[in-house]
Amino acid sequence: MVSRLDSADARLDFDAARAAARPLGERTSFRIGGTPEWWFEPTTEEEAGEVLRRCRARGVPVRALGGGYNLLVADGTIGGAVLSTRRLRFERLHDDRLEVGAGTPFSGLVARAADLGIPTISGCPGIPGQLGGVVAMNAGGRHGSVGDALVEVAGFDLLGQAFRRRIEPGDLGYRTSAFQGLVVTSATFLRDVTLDRAAARRLFEEASLWKRTTQPLGAASAGCVFKNPASYGGSPGPARSAGALIDRLGLKGERVGDAVVSTLHANFIVNEGGAHFADVWALIERVKARVRGAEGVELELEVKVWR
Ligand code: EPU
């Protein structure tokens with residue numbers, strides 16, 4: 001049940017933010033996770049900065065939450081405040097640039113990429129999440145990454161200090177970016193007005209089909225659990241994929257409680273319904289130990305862990 005002081009009030013006020021706090025299992029694609037002490041949902045960039053400054057003044061630690069698609073959250077109370085950027089949804093056109101709010105669902109942008117003039121993200125269907133998290137993770141795959149057309153990112157540091165940064169070489173890495181640990185409020189793409197719409201649509205269709213047939217998109221999961229090992233080049237390919245490594249060891253279907261290594265793509269762990277943090281964690285440890293033992297490779301987590 002939603003309390004009377006619901007999330008509509010949880011923009012700046014600590015009492016409303018405490019009342020609005022719900023288990024993060026309701027807000028994460030893994031469907032796992034306990035309740036933060038405060039839940040803030042600013043509706044403007046100014047409010048987001050104000051939340052951060054007020055939390056700082058009270059000594060309350062803050063974590064930023066995008067769509068919750070790449071996150072494994074512990075059960076029980078999560079100390080501090082969570083700042084959700086999901087209400088920061090806007091599109092601002094500045095000449096040949098399009099600035100988009102961090103709370104915008106990425107899949108919608110990808111589907112409209114050709115019309116919006118940012119065809120390079122047409123190769124990113126099936127990547128869930130909201131733009132802020134997608135940018136912070138530099139999410140993508142074999143058909144393209146969000147970073148391909150990105151020119152600028154704006155937001156705040158955790159103390160509430162605003163930034164607006166032009167993308168520089170080195171800002172975007174393999175499943176990482178210079179924006180990790182910051183609160184992203186918008187991302188700006190360079191528009192290509194001479195684009196080939198038909199080619200963008202073809203890329204979209206091809207990438208969609210690939211995703212649908214190779215990944216358990218409908219299941220409760222946090223996407224790929226591990227990064228592809230750096231020693232293998234960090235990019236997709238039969239010999240370079242953590243999923244292929246785990247698969248070769250026969251670990252598809254391996255389970256702890258309701259946490260199961262996906263039978264479709266071995267780098268996904270799916271929650272079949274009642275998985276707890278501890279189940280997923282034990283399964284992660286088991287997979288890591290098997291890969292370490294068999295291949296001498298130390299798998300690194302791609303999913304972020306809050307505990
Ligand atoms: N493979 C297997 N068994 C498996 C999974 C994969 O043999 O269980 C093989 C595939 O057949 C293929 C190769 O491994 O030959 C690579 O697989 P895939 O194309 O699925 O790519 P990946 O490296 O496993 C990466 C990203 C995905 C992204 C895909 C496709 C990482 C950690 N993962 O996976 O991103 O969707 O490429 O573009 O970089 C995510 O980040 O959450 C994610 C799902």
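**Close-up 1. Strands 15 and 16 meet side by side.** Strand 15 and strand 16 run antiparallel and are joined by two bridges. Here, Val 256 has Ala 259 of strand 16 as its bridge partner. Please keep in mind, as you look around, that this is a predicted model.

**Close-up 2. Helix 8 has a buried face.** Helix 8 covers residues 277-295, 19 residues in total. From first C-alpha to last, helix 8 reaches 27 Å, close to the 27 Å expected at 1.5 Å a residue. Which residues of helix 8 are buried? They are Phe 277, Asp 279, Val 280, Leu 283, Ile 284, Val 287, Lys 288 and Val 291. Seen down the axis of helix 8, these buried residues fall within an arc of 165°, so they line one face of the helix. On the other side of helix 8, look for Ala 278 and Gly 293, which are exposed.

**Close-up 3. The neighbours of helix 8.** What do the buried residues of helix 8 pack against? Their partners include helix 7 (242-248) and strand 3 (71-73). Strand 15 (255-256), strand 16 (259-261), strand 17 (268-271) and strand 18 (304-306) are also among them.

**Close-up 4. Strand 13 and its two partners.** Seven of the eight residues of strand 13 (residues 183-190) are buried, so this strand is largely enclosed by the rest of the structure. Strand 6 (residues 97-101) runs antiparallel to strand 13, and five bridges join them. In that pairing, Val 100 has Ala 187 of strand 13 as its bridge partner. Strand 9 (residues 150-156) also pairs with strand 13 in the antiparallel sense, over six bridges. There, Glu 152 stands opposite Thr 188 in strand 13.

**Close-up 5. Cysteines without disulfides.** How many disulfides does the structure hold? The number is zero. For Cys 124, the closest cysteine sulfur is in Cys 224, and at 14 Å it is too far for a bond. Is Cys 124 buried or exposed? Cys 124 counts as buried because its relative accessibility is 0%. Cys 55, at 0% relative accessibility, counts as buried too.

Methods: Residues are numbered from 1 along each chain as its sequence is written. This is a predicted model: local features need pLDDT of at least 70, side-chain atom pairs count only at pLDDT 80 or more; totals for chains, interfaces and linings use all residues. Side-chain values use heavy atoms; hydrogens and water are left out. Helices (H or I, at least four residues) and strands (E, at least two) are DSSP runs, numbered from the N terminus. The expected span of a helix is 1.5 Å times one less than its number of residues. Buried means under 20% relative accessible area, exposed over 50%, partly exposed in between (1.4 Å probe, protein chains only). The arc is that of the directions from the helix axis to the C-beta atoms. Contact means heavy atoms within 4.5 Å. Two strands pair if DSSP finds at least two bridges between them. A disulfide is a pair of cysteine sulfur atoms within 2.5 Å.
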